[in-house]
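User: Hi! Could you walk me through a few features of this protein?
Analyst: Happy to, let's look at it together.
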Amino acid sequence: MCGIVGYVGSKQAYPIVIKGLKRLEYRGYDSSGVCIGNRDGITVLKEKGKVSDLEAYAAEKDTSGSISIGHTRWATHGVPNRENAHPHFSGDRKLSLIHNGIIENYDSIKKALINKGHTFKSDTDTEVLVHLIEEIKNHEQVSLFEAVRLALNEVVGAYAIIVMEKGVNNEFIAARKGSPLVIGIGEGEYFVASDASPIVEYTRDVVYLDDGEIALINKDADLEIRTIANVSKTPFIHELELSLEAIEKGGFSSFMLKEIFEQPKSIIDTLRGRINPKTKEITLGGILDYEQKIINADRIIIVACGTSWHAGLIGEYLFEDLARISVEVEYASEFRYRNPIINKNDVVLAISQSGETADSLAALELAKEKGATLLGICNVVGSSIPRLTHAGSYTHAGPEIGVASTKAFTTQIVVLTLMAIKMAQKKGTITKSKYHEIITELELIPKKIEKILKKNDQIKKIAEKFKNATNFLYLGRGYNFPVALEGALKLKEISYIHAEGYPAAEMKHGPIALIDDDMPIVVIATKKGNYDKVVSNIQEVKARGGRLIAIVTEGDTTVKELADYCIEVPDSFDGLSPLLTNIPLQLLSYHIALMRGCDVDMPRNLAKSVTVE
Ligand code: M6R
């Protein structure tokens, strides 16, 4: 939901900012803009479309200057066009501001400012904030820092902002509440960004700004941080662990394809150090002190959105099946607004790749108020969810940049599996031999995924046959019902084909009416987990002329006789099968989207990190 970058130092700022915006483009890509400070004042460049469009527009312009702020947008208020692209300016054009988030009370502030004579050029909430800062600065005769602080006291909503002032070429001001912001500290230079990816090649020393903090960033001075309540804070410098390689495409044509193929390695990274090679004992350091709380919990409430919610459903099956702990899985966006019953003895577990999803954070805040124990499963280290929760486990999948979640999903399932088996072992709800059988199977998963990835060409050929379909139905049962939901979501979001995921047996309660010879059906029919029942569901589809793509266990013969196309996956423990069956579905969506000319990394209307509700 918008990416922001800032640089102040002695280097040319524009190349650093534009490169940073490209790295943050996963956060929004409908328009972008930069403001560069130089001896003559400021240069402002904005363009509709992707950052490459801005770059092309800027190619012939003077971009010199050693201070700059830049923004790549995912529209909330106002359509994507040049006027609504950031930066936005104060009435006298002395102040420029970039913003990630939403100012919820912008309308009332705007009306008050209009009454004071302000006029606005865009439809954005952001422009209102920069006018408010201008109003306070002029009226109260205070410094820009103080004006920003006072303005933020009046604002309701979420923000990560950078504000710069024309003619002041050695400093700018950054602040955050609810949207992420990282400050990189170099030699006589500072970098600011929505995540560390624009910073990593220049410095490893970073400060994560906390909610409600404002930073005065002057290239010739130490970083100064205060809260919006005006309390001074000592910056805590972290060392970045991110590698440059991890945020580049590494020879793949897209991040999505790279991330699909990275899954065996990502899972090895997720498991690293967590299973004792000799005893096979599981240690999840991040939840060690909370294991007893989890075991004794009345229930685990999983809150998440999108793909992470699908992982949560698999988590429900795992926890209930293995550890006999009652689980509810909730869309965070619904949970937070429906007055749910949350007790002190509940464990609320948020699952999120980014760790910044606004609805998941709000659901956790609600659970915190009710005194529940808060856990997180996140990928981005140091993001807001791990900082808000009492305990949790990282997925360690490495940066996921493609908007479609792939390796984050599989590694979330791996962490959920580790948690569920650990709790099952501690509670004594699985036998020793079952425990060892699952761990052995889990350790074999990366090799098995490698085997499936070798079927890429076969899957591409199947995609060719179905690329012009306008609807798809995905069916699965048990552990593979959430995989059906996830397969349908993946196809929808990157190829723009309408797709629905359904529990296979529910089909006859409605969706079966959709089936004719134009309707492709993707069915997950692995040997374990209601296989015979799924075969009956396949017969029902066949009888109505549906075209079938089936994901089957190696060596299957029954489904092969019924389905038009079969993709084999290795056998495994039923609860681990989503880690395998999901892979061909990711590749199928990928190829169909590519054949339809879609941008798989930056699908229309979407953004990777949804920091607005
Ligand atoms: O960062 P999160 O895991 O909290 O994000 C949740 C969803 O926005 C995300 O999974 C989304 O559904 C993906 N684009 C799906 O591929």
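Analyst: First, a term: strands here are DSSP runs of E with at least two residues, and they are numbered from the N terminus. Keep in mind that this is a predicted model.
User: Thanks! Where is P87, then?
Analyst: P87 sits in the loop between β4 (67-73) and β5.
User: And is the peptide bond from H86 to P87 cis or trans?
Analyst: That bond is cis, with omega near 0 degrees. In general, most peptide bonds are trans.
User: Let's switch to charge. Which residues gather in a patch of positive charge on the surface?
Analyst: R93, K94, K121 and K166 do. R93 belongs to the loop between β5 (88-89) and β6 (95-103).
User: What about the phi of R93?
Analyst: Phi of R93 is positive, near 60 degrees, and R93 is not a glycine. Most residues other than glycine have a negative phi.
User: Where does K280 lie, and what is its phi?
Analyst: K280 is in the loop between α7 (263-271) and α8 (291-296). Its phi is positive too, near 65 degrees.
User: Is α16 mostly covered or mostly open?
Analyst: Mostly covered, with 13 of its 15 residues buried.
User: What follows α16?
Analyst: Y496 does, and its phi is positive, near 65 degrees.

How values were computed. Residues numbered from 1 in each chain as written. Predicted model: local features only at pLDDT ≥ 70, side-chain atom pairs only at ≥ 80, totals over all residues. Heavy atoms only, no water. Buried < 20%, exposed > 50% of the residue type's maximum accessible area, 1.4 Å probe, protein only. Helix = DSSP H or I, 4+ residues; strand = E, 2+ residues; numbered from the N terminus. Patch = residues over 30% accessible without salt bridge, like charges linked within 9 Å, V, L, I, M, F, W, Y side chains within 5 Å. Areas by Shrake-Rupley, 256 points an atom, 1.4 Å probe, with all protein chains shown as cover. Salt bridge = Lys/Arg side-chain N within 4 Å of Asp/Glu carboxyl O. Lys, Arg positive; Asp, Glu negative; His and termini not counted. Charge placed at Lys NZ, Arg CZ, Asp CG, Glu CD.
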